[in-house]
Amino acid sequence: MRLGTRNSPLAMAQAVETKARLCAAHGWSEDEVELVPVMASGDKVLDRPLSEIGGKALWTKELDAWLAEGLIDASVHSAKDVETIRPDVFHFAAFLPRADRRDALVGAANIAAIPQGATVGTSAPRRAAQLLNLRPDCKVVTFRGNVATRLGKLKAGEADVTFLAAAGLERLGQSDVGNPLPSEDWLPAAAQGVIALECRADDAEASANLAAIGDAQTAAELTAERALLAALGGTCHSPVAVLCQGDLDTLTMQAAVFSPDGSERVAGNVTFAANDHGAVAELARDLLSRASIAVTEHFTGGK
Ligand SMILES: NCc1[nH]cc(CCC(=O)O)c1CC(=O)O
């Protein structure tokens, strides 16, 4: 089986984990799974925020082309980076068991401990808005690049603190870096900590092989979180934070939308039957109905 992956160290770690799970589940030898690194357009331009580069599908475009053409049998994605609406020709065959979904704060013990007026490096609208909502005294500077690049910028003094996904640090063997933020104070991104495996919708063999390593609880949470993004009409550039947890029958979702400058935060939560996303769509409508134009202009679901 040929697994396509981005070539960043984090993406490669995710692909190696996927390969190990496939080999264990099917009794395959190492050489029965080939990792195929593919350079993504999002990895080429590093000096501007993604929202400015503007193009959609920055992380998936090249992998999608390789998958559609049959050069690979499956794509390994950080689920967080996959657009809400996917081409019909692809199929999410599995989501691996979710890793730590929290953001880790690097450079301070917690949000309250960030020094007054500190500079915060991030290019994620959700992280910037959520931080400014709690700490309007802070200043946000654009921070892009892979995990090592961002930690290097922090060390070089380009910012006082930054955020990184705990899952990413864990997968790179760097869980000693940073302090995970508790969900009472800070909500993560939709799909954070989840590895998504996609194949061609008409490839029954790849689909079955991948499904064997999928996790049902992760799939339930992830599809609900993506349903919220779809109902809001948000993208990965929209300031939205969401946390969904529970069991296979009942899930609880906490969600918040922000104005980019953090001055406005609209939050809500809902408990619902895991297979019924009607309540999620209702939560999305409720959040947008309570938000001002400064928030709703970043979502199409309100219109
Ligand atoms: N936007 C980049 C990205 N996409 C997924 C992860 C982390 C791994 C994950 O969420 O599974 C990261 C790095 C980060 O946010 O620090």
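The protein divides into domain 1 (2-96 + 195-214), domain 2 (103-180) and domain 3 (228-296), with bounds that come from an automatic or database domain assignment. This is a predicted model, where local features need pLDDT of at least 70, side-chain atom pairs count only at pLDDT 80 or more, and totals for chains, interfaces and linings use all residues. Residues are numbered from 1 along each chain as its sequence is written. Between the C-alpha centres of domain 1 and domain 3 there are 26 Å.

Next, the ligand. Around the ligand are S78, K80, D81, L164, A165, A167, G168, Q192, G193 and V194; a residue is near a molecule if its C-beta atom, placed from the backbone, lies within 6 Å of it. Two or more of the shell residues come from each of β8 (161-165) and α6 (166-171). Helices (H or I, at least four residues) and strands (E, at least two) are DSSP runs, numbered from the N terminus. Domain 1 and domain 2 each supply at least three residues to the shell. By type, the shell has four nonpolar, four polar and two charged residues. Here Ala, Val, Leu, Ile, Met, Phe, Trp, Tyr, Cys and Pro count as nonpolar, Asp, Glu, Lys and Arg as charged, and the others, Gly among them, as polar.

Last, a helix pair. The axes of α8 (residues 216-232) and α9 (residues 278-289) come within 8 Å and cross at roughly 45°; axes are lines fitted to C-alpha atoms, for helices over the stretch in contact, and angles run from 0 to 180 degrees between N-to-C directions.
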